[in-house]
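Hi,

Here's the structure I promised to pass on. Have a look at it first, and then read my notes below.

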Amino acid sequence: MSTVTLTLENAIAVITVNNPPINATSHAVRSGIVDALDQIDGNDDIRAAILICDGKTFIAGADVSEFGQPPKAPILPDVIKRIEAATKPVIAAIHGHALGGGLEVALGCHYRIANSTAKLGLPEVNLGLIPGAGGTVRLPRLVPVTEAISMITSGKPVSAAKANEIGLIDAITHGALGDAARDFAKTILNRETPASLLARDPIDAPSSAHWDNITSATKKKARGQVAPLAAISAIRNGIEHGADAGLAFEREKFIELRDSDQSKALRHVFFAERSVAKLPELKGVEPNPIHEAGVIGGGIMGAGIATASLLAGFDVTIIERDETACANGRATVEKHLAGSLKRGLISQDRFNNMMASLSTSIDYAALSDADLVVEAVFEDMAVKHDVFGKLSLHCKADAVLASNTSYLDVNEIAARCVNPRRVIGLHFFSPAHIMKLLEVVRTDKADTKSLATAFEFARALGKIAVPCGVCDGFIGNRIMSAYRKHCEYMLEDGALPHQIDAAMVEFGFPMGLFAMQDMAGLEISWATRKRLAPFRDPSERYVALGDYLCEMGRFGKKNGLGWYRYDDNGKAQPDPEVDALVIAESEKKGITRRDFTSTEIMDVILGAMRSEGDKILSEGIANSADAIDVVMVNGYGFPRHKGGPMFMTAKKH
């Protein structure tokens, strides 16, 4: 079938794009649309045209195979101008996603109709870019300027209902899109063709003072990313200097950003996230079907995993030690789902169905039909062995058994289990129903069927799955342990906790290391240090400050005292008592303290990340440097627009 086809139905022409999987704006698509429009304009019997796409989506982005190549005419901005110049009205019929250049094509059409499940957006900022085919100029002339700013600077798509509410589309349909588009076309045959968006005035343009407020708020959210601010400049330029000047300015900014380090970093992460889970050995391996999932433990982590599993459409059974714990686990899941209901992410019917799909029990026999079980109990090897012994006894032979351990040896867990080939690690990040990252830990004896099933489970949960080998801390926690050590060395050498955290936030992390430890609870890493104490090299430098805090009963934000002191509103303040403790430790060890600049602090942290990342690669724990970057960006707050520690430091190695 041709990439673009043209069919005639009485007075209505239908232009159909068929360029799977996302109907990307390839050269063939661009040329095909222009050719179709030329034929339509030359046929006096045609009075309107519909632009629609085959497959699962409308045009949902650019053709990645053309990235980095010289542009081939017709380029997308010219295609959109050609649509606008058509002598017959063109209707965009949207289903699935209309994203980036796809939405810009729809903006060039004279009308837009979408089915009720469609999503429309301009996500270019996620790649360090701004719309480059007129999106910053046309959108504010179709919807209120503040709505356009929100869509473009956030990169988040809007639902069809929202699009209809703000005027982005002219009609919404719950039925067959093609039929609805034809019916809509018949209603506009005798209307005058609307003026192109470029010829219209912006809708509700902000005042000068309001622009300043918008820019300030966007800068705060961007945390160092330049594309959202460039988007505001482009939108404002198109409003204040006119459409033609706006298009020229947008294109200039687009090219400038396309060649920037930030865009290269963001594109690196984008492609890495989509490639890290593609293991050659799993090609052609069919995963086991998953209908029912089990979760051992209904605490914070277990309830989060159960919530994510319910949202993915699975029946879920939580196993707990007693009925009170079962009730608490169920209540936590209900609270999570109620939050989704309140935010409009799920309907009341779906909420009710998910709660009906959740069971709790104190009897492992309730897992006899489970296809995959995730253990999320206390980090103690004896407890893990007990759990997996019971799972071996009660679960069916082909059920995949997974441990959510953060640090413990999954090989040792598997070795004590009947059929270790089906045992893997699934290291979720808290809160498990929100955080996208999932480390899939391959044990020495895990078979490809179990691995394929684990990756399919991750996909169903909407997670970014990163394969890794067995070691203490896997990829992410191992790297964090390494740079935490160096941050602790800096404490003894002259820095204070709030200075290190401030440098990390300035760099682009959402919070610093010590604030993050306080949020997680200091007793967690304390337990790990005590577990590893017998194996520690006596000659290795050891910083005991974190141990002192725990011995003082300072466990973090949960009890208001950790590396920081927290007020009644949970706001952190540097604590002179902790600063004094740090300085006293330096004196006790005979260390002469010195000042650290923010740049020096980050050089130490990045160097530690890179060094440990190189070790992880050499040991085969991670398949690639990309995998390490994906973990650090999605699990540890490494600024996405810097590409990850391995990408960022590659030029220095």
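To start you off: in what order do the three strands of the open sheet come? The order is S5-S7-S8, and the pairing is mixed. Keep in mind as you go that this is a predicted model.

Strands S5 (97–99) and S8 (158–159) sit at the edges of that sheet; each has a single partner strand, so one side of each has no neighbour in the sheet. Helix H3 (residues 101–108) packs on this sheet and touches S5 and S7. The direction of H3 makes about 90 degrees with that of S5. S7 (residues 119–121) and S8 run antiparallel, joined by two bridges, and Lys119 is opposite Ser159 in S8.

Is Asn115 buried or exposed? Its relative accessibility is 16%, so it counts as buried, the cut-off being under 20%. The Asn115 side chain reaches the backbone nitrogen of Ala118 at 3.1 Å. Beyond its neighbours within four places in sequence, Asn115 has contacts that include Ile94, His95 and Leu177.

There's also an open sheet of eight strands, in the order S12-S11-S10-S13-S14-S15-S16-S17, again with mixed pairing. Its edge strands are S12 (358–361) and S17 (464–468), each pairing on one side only. From one strand to the next, the twist averages 25 degrees. Within this sheet, S13 (residues 372–375) and S14 (residues 400–403) pair in the parallel sense over four bridges, and Leu372 stands opposite Val400 in S14.

Happy exploring!

Definitions and conventions: Residues are numbered from 1 along each chain as its sequence is written. This is a predicted model: local features need pLDDT of at least 70, side-chain atom pairs count only at pLDDT 80 or more; totals for chains, interfaces and linings use all residues. Side-chain values use heavy atoms; hydrogens and water are left out. Buried means under 20% relative accessible area, exposed over 50%, partly exposed in between (1.4 Å probe, protein chains only). A polar contact is a pair of N or O atoms within 3.5 Å; within protein, one must be able to donate a hydrogen and the other to accept it, and residues adjacent in sequence count only if both atoms are side-chain atoms. Contact means heavy atoms within 4.5 Å. Two strands pair if DSSP finds at least two bridges between them. Axes are lines fitted to C-alpha atoms, for helices over the stretch in contact, and angles run from 0 to 180 degrees between N-to-C directions.
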